[in-house]
Structure formats: C-alpha cells, structure tokens
Amino acid sequence: INAEPRSQLVIDINSLVVAPYASAFVELNDSAASVEQRALHPAGAAVSPCANQTSDQWYFADGFSAESSDFRLILTNPYLSPAIVNIEVATKNGERTPTNLQGFVVPAESIRVLNIPESGFRDEEILAISVVASSGRIVAAKDQHYLGAGRLGHVLTLGSPSTSDQWWFADGEKGAGISETYMIFNPTDQDVLADVVILGLDPTAASIQPTTLTIPAHDVVPFDVSAIVGLPDGPHGGAVSGQAGAQLVVERVLTKPAGSSVATTVVLGAQRGFQSMRWSVPTSTTIAIEDVLTILNTSPND
C-alpha cells in the first residue's frame with residue numbers, strides 16, 4: 001500500500017480479518033511515519049500510539065474491574081518462537097502472583113487475551129500489572145470497558161515497555177465534576193520517594209508546592225490531583241519524578257462530564273528521553289475531551 005507524501009492513510013483492520021481481537025504489524029520500506037490505533041466502541045472511541053518495538057517487560061499502572069468493569073490484557077508475539085511471561089498484580093491489598101499467570105505461554109505469531117477479573121481480580125479499583133518475559137519479547141496492551149464506581153467509557157492502549165525516573169503529562173484539568181488521579185506504580189523491590197509537580201500555571205495566580213509521596217515496593221499509590229490545595233480551575237500539566245533515579249510507571253486517569261453522563265480517559269505519561277522537538281499526530285478523537293493539541297514546554301526557557 002502506498003502512502004502519499006504528507007498524507008494520512010487509514011487501514012480498516014475489520015476488512016482484513018474476522019476475530020474478536022487482532023494485532024497488526026506495519027512495516028515501512030523506505031521512509032518513516034507515525035502510526036496510531038483508533039478503536040470504535042459503543043462506550044467511546046479510544047485512540048492510542050502504536051509501539052515501534054517489542055519488549056521483554058511491560059507495565060500498567062492503572063487497571064480497574066470495579067462494578068463488573070471489563071479489563072483484559074492483550075499479549076502479542078510477532079516472532080517465530082514462543083514467548084513465556086510471568087504476570088504480577090498489585091492491588092490495594094498487596095501484590096499477588098497467581099499460579100495461572102506464571103509461565104504463561106504466548107505461541108509464535110499469535111495473540112492471547114487474558115480476562116483479568118476472571119483470573120481472580122474482580123471488583124478491584126486498584127490494579128497495577130507487570131508482565132515480564134522469561135523467554136522472548138512481546139507487545140502488551142490493555143482493553144478496559146468502565147461500567148461504574150466513578151468511571152464510564154472505553155480505553156484501549158499499550159502498556160509501558162520500561163520504567164523511568166521521570167514522567168510528563170502535557171495536560172490535565174480541574175473543574176466542576178472533574179476528577180484527575182495519577183496512578184504511581186513502583187514495580188521494583190525497594191520503597192521509593194516520588195515528587196509530584198504541577199506545571200503550566202500562571203505564576204502570578206498560583207504557586208503550588210511539590211508533593212512528595214512514598215511508593216512502596218511492588219505497589220501502586222493513587223494521587224488525587226484534584227485535591228491539591230490552591231490548584232485553580234482550568235488546564236494544567238504535571239510531572240512525577242522518582243527521587244535518586246527511582247524507577248516508576250505513571251498513568252493519569254481523568255473523568256469529566258459528558259452530556260448527561262461522564263467519560264473516563266487514561267493516558268500513560270511521557271517518560272525521560274521522550275521529549276522531542278518534533279511531534280506527529282496521525283489521528284484525533286471526538287469523545288468527552290476537546291479535540292485540541294496541548295503543548296507542554298519541559299525546558300527552562302521560553
């Protein structure tokens with residue numbers, strides 16, 4: 001398929017295969033491009049960047065199965081040999097390593113979908129997951145359909161293929177009926193300290209001091225951005241940093257009014273090294289957030 005210069009090419013996966021879930025591999029022969037996935041669902045459209053490499057580890061700071069919400073892990077192995085993964089789950093009651101999720105085999109050139117509630121994690125409002133391959137490399141994503149307990153909507157997005165000591169969020173919002181939470185996951189064996197800094201505020205109108213949190217080993221800590229004292233209504237950005245190079249994974253959960261209901265979106269922060277002088281946005285969405293670009297300056301200069 002030819003993609004014309006400075007153009008957008010849309011591929012309908014449903015026209016290529018009939019299956020509840022499918023994975024796709026896009027290979028470019030003589031150029032570079034950015035690729036996003038758009039999933040249309042009755043509960044809302046989900047847009048997510050695609051992965052440009054496989055990994056032997058994937059992390060999800062936010063998972064949710066409360067009030068029968070659907071939560072599934074999608075594991076794809078594009079290679080000619082099987083991959084073997086071990087999955088650990090952190091909940092509000094501590095870390096668990098179910099035997100049925102240890103030594104899980106993802107056959108060669110295949111996709112496997114794990115129903116997390118049916119794996120022993122029903123009615124959980126806090127679920128952070130580590131997927132670590134003892135053999136092979138994979139791509140891992142999550143499919144979430146929120147059905148209550150403060151969340152409604154649909155999310156389909158990749159996990160993080162690595163940890164980082166720094167996570168950036170270009171946007172966030174405070175206002176009537178809006179809740180915003182950073183889910184801060186520490187998949188390491190040591191307790192760490194994390195600093196939360198709110199960015200993008202008018203310095204003449206607000207001065208918000210950083211918040212320092214203790215994130216226990218193999219645990220996830222929710223931080224309610226909406227509850228920060230003195231945070232004004234309106235948009236803002238944010239950053240979460242692990243002290244002394246501590247490695248973390250951070251996702252932001254934002255729920256806001258949408259007509260007579262609400263809609264929940266979840267995004268993975270941009271980790272250290274992902275700041276760039278150039279960005280490409282292949283697609284957009286028209287769910288309960290404004291269809292805009294938000295630009296956060298992470299440098300010390302205008």
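Author: We take the overall fold, then the salt bridges, then a surface patch. Keep in mind that this is a predicted model.

Reader: How many helices and strands are in the protein chain?

Author: The protein chain has 22 strands and 0 helices. Its radius of gyration is 19 Å, close to the 19 Å that the globule rule gives for 302 residues, so the chain is as compact as a globular protein of that length. Buried residues make up 41% of the 302.

Reader: What is a salt bridge, and how many does the count give?

Author: A side-chain nitrogen of Lys or Arg must lie within 4 Å of a carboxyl oxygen of Asp or Glu. By this rule there are 6. In one of them, aspartate 62 pairs with arginine 151, with the closest N and O atoms 2.9 Å apart. Aspartate 62 sits in the loop between β3 and β4, and arginine 151 in strand β11, so the pair ties together parts 89 residues apart in sequence.

Reader: Is aspartate 62 buried or exposed?

Author: Buried means under 20% relative accessible area. Aspartate 62 has 0%, so it is buried. Arginine 151, at 9%, also counts as buried.

Reader: Which residues make the nonpolar surface patch?

Author: Ile1, Leu9, Ile11, Ile13, Leu16 and Val17 make a patch of about 590 Å². Leucine 16 belongs to the segment before β1. With a relative accessible area of 63%, leucine 16 is exposed.

Key: Residues are numbered from 1 along each chain as its sequence is written. This is a predicted model: local features need pLDDT of at least 70, side-chain atom pairs count only at pLDDT 80 or more; totals for chains, interfaces and linings use all residues. Side-chain values use heavy atoms; hydrogens and water are left out. Patches are made of residues with over 30% relative accessible area and no salt bridge: like charges are joined within 9 Å, nonpolar side chains (Val, Leu, Ile, Met, Phe, Trp, Tyr) within 5 Å. Accessible areas come from the Shrake-Rupley method with a 1.4 Å probe; for residues, only the protein chains shown count as cover. Helices (H or I, at least four residues) and strands (E, at least two) are DSSP runs, numbered from the N terminus. Buried means under 20% relative accessible area, exposed over 50%, partly exposed in between (1.4 Å probe, protein chains only). The radius of gyration is taken over C-alpha atoms; the globule rule is 2.2 Å times the number of residues to the power 0.38.
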